[in-house]
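Have a look at the sequence and the structure, then read on.

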Amino acid sequence: MVKSSDTVTIPAFPEGEAAPRRRTKAPETRAAALMDAAERLFIAKGIATTSIDDIAAGAQVAKGTFYLYFPSKEAMLGALQQRFVDTFCARLQEAMDRHRPDNYHERLKAWVETGLETYLDNVALHDVVFHEYRPEDRRMRNDNAVITQLVGLLKQGDAAGFWDVEDATLTAVILFNALHGVADDAVAVGQTGEAERKRRARTLTRFLEQALHPAEDDSAD
């Protein structure tokens, strides 16, 4: 029998059950969760009507946590743009690396096919995070990682005598915008199915290779 003077300790959890561990997300995980929530909300609601409170709630974190990683909604948008570009470049590089370094035809073909597919698969996200276009952004649109990556491929092919590239950077800007235009046209006319993607990629690849003046074609004249 327990006396009134005795101290009785009541366990917080039933015997044999451990107290649940509080889940503490790593900083990079919290930042990614905030970005994922922002992506979903920006696509569903638009940027202007999405508040920081909405983003924090969507990521299941306190509002103050948002400001630990992003000083503003505009900074979040910039981070989403960078993540989009980084992911885009990684997929392009992975596709090109499936072919030998000196197989420039297949590497360019892979760049076109993967670029078109990735853009069309993520067109809603692309449109919402790159929704603002201002004249002062022109250099940012041209001097970006995707173009830098393509410049490297063009210079390698030119050095090997496979292509004749007078200005690799300008040529990369032209090719990048050609890809963008073909993708935008596919969306505009509602032709984004697999067969149409392959047709457009094939046509664009042929056009780009003709524009690059393959060395063997020049020597044959």
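## Thr-171 and its surroundings

Setting aside neighbours within four places in sequence, Thr-171 touches Leu-154, Val-165 and Leu-212, where contact means heavy atoms within 4.5 Å. You'll find Thr-171 in helix H9, residues 168–188. Helices here are DSSP runs of H or I with at least four residues, strands are E runs of at least two, and both are numbered from the N terminus. Thr-171 is buried, with a relative accessible area of 18%; buried means under 20%, exposed means over 50%, and partly exposed is in between, using a 1.4 Å probe and protein chains only. Thr-171 and Leu-208 sit 37 residues apart in sequence, and their C-alpha atoms are 9.8 Å apart in space.

## What kind of model this is

A quick word on ground rules: this is a predicted model, in which local features need pLDDT of at least 70 and side-chain atom pairs count only at pLDDT 80 or more, while totals for chains, interfaces and linings use all residues. Residues are numbered from 1 along each chain as its sequence is written, and side-chain values use heavy atoms, with hydrogens and water left out.

## The chain as a whole

How many helices and strands does the protein chain have? The tally is 11 helices and 0 strands, so the pattern along the sequence reads α-α-α-α-α-α-α-α-α-α-α. Of the 221 residues in the protein chain, 37% count as buried. Among contacts with a separation of 6 or more, 64% come from residues 24 or more positions apart.

Is Lys-73 buried or exposed? Lys-73 counts as buried, at 18% relative accessibility, and it lies in helix H4. Leaving out neighbours within four places in sequence, Lys-73 is in contact with Phe-42, Ile-47, Ala-48, Thr-50, Ile-52 and Phe-66. Ile-55 is 18 residues from Lys-73 along the chain, with 9.4 Å between their C-alpha atoms.

Gln-60 is in the loop between helix H2 (52–59) and helix H3 (63–69). Gln-60 is exposed, with a relative accessible area of 72%. Its phi is near 60°, a positive value in a residue other than glycine. Most residues other than glycine have a negative phi.

## Where H4 meets H5

The axes of helix H4 (residues 73–96) and H5 come within 8 Å and cross at roughly 145°. Those axes are lines fitted to C-alpha atoms over the stretch in contact, with angles from 0 to 180 degrees between N-to-C directions. On the H4 side, the contact is made by Phe-88, Arg-91, Leu-92, Gln-93, Ala-95 and Met-96. H5 brings Arg-107, Ala-110, Trp-111, Thr-114, Gly-115, Thr-118 and Tyr-119. By class, the residues of this contact split into 7 nonpolar, 4 polar and 2 charged; Ala, Val, Leu, Ile, Met, Phe, Trp, Tyr, Cys and Pro count as nonpolar, Asp, Glu, Lys and Arg as charged, and the others, Gly among them, as polar.

## The second largest pocket

The second largest pocket holds about 410 Å³ of space. A pocket is an open set of points on a 1 Å grid over the protein atoms alone, where a 1.4 Å probe fits, with protein on both sides within 12 Å along at least five of seven lines; lining residues have an atom within 4 Å of a point. The volume is the space filled by probe spheres set on the points, which are joined across faces, edges and corners.

Which residues lie nearest the centre of this pocket? They are Lys-109, Glu-113, Arg-197, Lys-198 and Ala-201, out of 18 lining residues. Helix H5 (104–121) and helix H10 (194–211) are the elements that give two or more residues to the lining, and H10 gives the most, with 8. By class, the lining has 4 nonpolar, 4 polar and 10 charged residues.
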